[in-house]
Structure formats: C-alpha cells, structure tokens
Amino acid sequence: MPAIPQIDPTSGAAPQIQPDIPLASTNVTPAFDPTKVTVVYILGGPGSGKGTQSVHLVQDYGFKHLSAGDLLREEQDREGSEYGQMIKDYIKDGLIVPMEVTVTLLKNAMQRELDSGKKTRFLVDGFPRKMDQAVFFEQSVCPSKCTIFLDCPEDVMQERLLNRGKTSGRSDDNAESIKKRFKTFVETSMPVVDMFEKEDKVIKVMATGSEHDVYTRLVEKLGEKDIHPVK
Ligand code: UP5
Ligand code: MG
C-alpha cells in the first residue's frame with residue numbers, strides 16, 4: 001500500500017501535492033477491513049443538505065460523521081498548518097483540494113475513532129468528489145458499502161446557501177464562489193456518483209422540501225436497501 005503521508009508538519013513527512021498514484025493498481029490492501037468497518041458516503045451538490053441530513057443519520061443509525069469539508073476547514077484554521085493557505089484558496093474558488101491532504105485527514109480521523117474503541121460505521125460527508133479520490137480511497141483506505149446521493153436543483157441549493165451566507169461566515173457562501181462550486185460539482189463530482197451508480201451502490205433521494213420530508217424519504221430508501229435505524 002502506498003504510504004499516506006502525515007499532515008503534521010512536525011512529522012517531517014510532507015504530503016505529495018500532485019501525487020502520481022497508480023490508480024488501477026490491483027495489489028493494494030485497504031487500511032481498514034470492510035467486513036469490520038462500514039463506510040457510507042453522503043454526496044450531493046453544495047447546499048443539498050448533506051450536513052443537515054447527516055445529523056439525523058448519526059442519531060438514528062449510529063454513524064460517526066466525518067465531513068471532508070469540515071476537516072479541511074479545521075486543518076485550514078489549525079495553527080502551524082502548512083496547508084492552511086492552500087486549503088483557503090481552493091475552498092474559496094470551489095476547487096477540490098489535492099486528494100492526499102483530504103484522504104490523510106479522513107484516514108486519521110477514522111483511525112482515531114477506531115483506536116478509541118468507539119464507532120466502526122462512518123458516514124463520510126462530501127467525499128469523494130473527484131474520481132482520483134474515489135479510486136484511491138476505495139483501494140487504500142476502505143471500500144464503501146454504498147453512497148447516499150441527495151438530488152437537488154441548483155436554484156434550491158443556491159437559495160439555501162445564500163441564506164446561510166448571511167450568518168455562516170463561510171468564505172464560499174457568496175454568489176461568486178457558489179457559481180464555481182456548482183461548476184465543479186457538475187464537471188468533477190457527478191462522474192463519481194455516476195461511477196457508483198453503475199455499480200448499483202447509489203441510494204438517490206430527492207432533496208427538495210423540508211428537512212423532515214427529505215429525511216423521511218431517506219429513511220424509506222435506506223430501508224429498501226435493508227439499512228435500518230439501530231434504535
Ligand atoms: N437546509 C438544508 N436542508 C434544507 C431543507 N430541506 N430545506 C431548507 N433548508 C435546508 O445545508 C445548507 C443550508 O441549507 C443550511 O443553511 C441548511 O440549514 C439548509 P447543509 O446541510 O449544510 O448542506 P451541505 O450539502 O452540507 O452544503 P455544504 O455547503 O456543506 O456543501 P459543500 O459540498 O459545498 O461543502 P463542503 O463543506 O462539503 O465542501 C466545501 C469545499 O471544501 C469544497 O467546495 C471544496 O473546495 C473543499 N473540499 C475538497 O476540496 N475536497 C473534499 O473532499 C471535500 C471538500
Ligand atoms: Mg456540508
């Protein structure tokens with residue numbers, strides 16, 4: 001398995017920002033055994049409600065929630081991070097941060113959770129959103145069980161994001177960044193959903209209507225795939 005570099009600058013191991021990873025490699029063993037660790041992705045456009053629905057899924061299905069965007073924002077704000085400025089620039093422009101940074105943050109967060117003997121079911125929010133990330137994560141970290149895809153029209157997402165932008169303080173909740181995020185989503189992230197769809201691993205849910213309506217639909221669709229609340 002290719003070593004995933006540590007982000008901590010004191011470790012001396014600087015991540016390769018433009019990695020040359022053999023994406024079609026077949027002799028790679030994932031770091032986590034998918035028979036012991038469950039990974040479910042939750043994907044959807046910016047503002048489709050990934051974070052909002054994740055809160056309910058964590059409560060009812062016993063997942064540990066890992067938002068790639070939140071982990072990146074945390075790393076961006078971490079004192080001494082050598083990636084802070086780069087992450088800031090990518091997020092503001094709605095671009096995908098080089099995958100080794102994001103994969104390392106996710107893998108470390110999973111390892112921490114497993115080391116603490118807590119949850120083994122992970123809801124990975126907003127990742128993978130580029131084909132290279134998807135292939136690399138599936139091969140070297142953990143193959144996913146399925147992908148929840150929140151399907152939402154752009155006008156609805158835009159309204160939600162502009163509304164949130166009044167108070168969120170997020171550098172990308174403004175009209176200019178939102179436009180760039182939508183473009184990246186359509187051109188770069190949708191192919192990932194399409195790939196999982198071909199493998200029949202996508203649970204697609206219409207994400208319009210109230211938060212409660214969306215969650216009701218989601219629970220029903222998960223039930224059809226034999227995924228049930230834990231309590
Ligand atoms: N809201 C939610 N559901 C609603 C509903 N049904 N009715 C009415 N309002 C609803 O929701 C957004 C807003 O809508 C909130 O105000 C909410 O109350 C309301 P939220 O649940 O936050 O939606 P979400 O899909 O999570 O939107 P988010 O803005 O987080 O999506 P993004 O995918 O754009 O953001 P993320 O944080 O995942 O990524 C940000 C950036 O990080 C990316 O653009 C990229 O630059 C970078 N990134 C990477 O580089 N790599 C990665 O792997 C991941 C991220
Ligand atoms: Mg989010």
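Predicted model: local features only at pLDDT ≥ 70, side-chain atom pairs only at ≥ 80, totals over all residues.

Modeller: Let's start with what H7 hides: its buried residues are Ile178, Arg181, Thr184, Phe185, Ser189, Val192, Val193 and Phe196. "Buried" means that 20 or more other C-beta atoms lie within 10 Å of a residue's own; with 12 or fewer the residue is exposed, in between it is partly exposed, and the C-beta atoms are placed from the backbone.

Residues are numbered from 1 along each chain as its sequence is written, with chains lettered from A and ligands numbered from 1 in the order in which they are written.

Now, what sits over those buried residues? The cover includes strands S1 (38-44), S4 (146-151) and S5 (202-206), along with helices H5 (131-140) and H6 (154-165). Contact here means that the C-beta atoms of two residues, placed from the backbone, lie within 7 Å.

As for H7 itself, it runs over residues 175-198, which makes 24 residues. From first C-alpha to last it reaches 33 Å, close to the 34 Å expected at 1.5 Å a residue (the expected span is 1.5 Å times one less than the number of residues). Still, there is a kink of about 45° at Ser189, shortly before the proline Pro191. That bend is the angle between two fitted axes, one for the seven residues ending at the spot and one for the seven starting there. Ser189 is also on the list of buried residues.

Asp200 has a positive phi of about 60° although it is not a glycine. Asp200 counts as exposed because it has 7 C-beta neighbours inside 10 Å. With 6 other C-beta atoms within 10 Å, Asp226 is exposed.

Carry on past S5 and you come to Thr208, in the loop between S5 and H8. Thr208 is partly exposed, with 15 C-beta neighbours inside 10 Å. Not counting residues up to four places away in sequence, Thr208 touches Cys152, Pro153 and Val156. Thr208 and Met157 are 51 residues apart in sequence, yet 9.0 Å apart in space, C-alpha to C-alpha.

Let's go back to H5, one of the elements covering H7. The loop between strand S3 (121-125) and H5 holds Pro128, and Phe127 lies in that loop too. The peptide bond from Phe127 to Pro128 is cis, with omega near 0°. Is Phe127 buried or exposed? Phe127 is buried, because 26 other C-beta atoms lie within 10 Å. Beyond its neighbours within four places in sequence, Phe127 is in contact with Tyr41, Ala68, Thr102, Leu106 and Gln133.

Two of those names, Tyr41 and Leu106, turn up again in the largest nonpolar core, where Tyr41, Leu106, Leu123, Val124 and Ile148 touch the most other members out of 46 residues. Such a core is a set of buried Ala, Val, Leu, Ile, Met, Phe, Trp, Tyr and Cys residues joined through C-beta atoms within 7 Å. Helix H4 (residues 99-115) gives this core its largest share, 6 residues.

H6, another of the elements over H7, also gives two or more residues to the shell around ligand 1, as do helices H1 (50-61), H2 (68-77), H3 (84-92) and H8. The shell has 28 residues, and the closest are Pro46, Thr52, Gly69, Gly126 and Arg160 (near means a C-beta atom, placed from the backbone, within 6 Å).

Finally, the whole chain: it comes to 8 helices and 5 strands, and buried residues make up 33% of its 231 residues.

Methods. Helix = DSSP H or I, 4+ residues; strand = E, 2+ residues; numbered from the N terminus.
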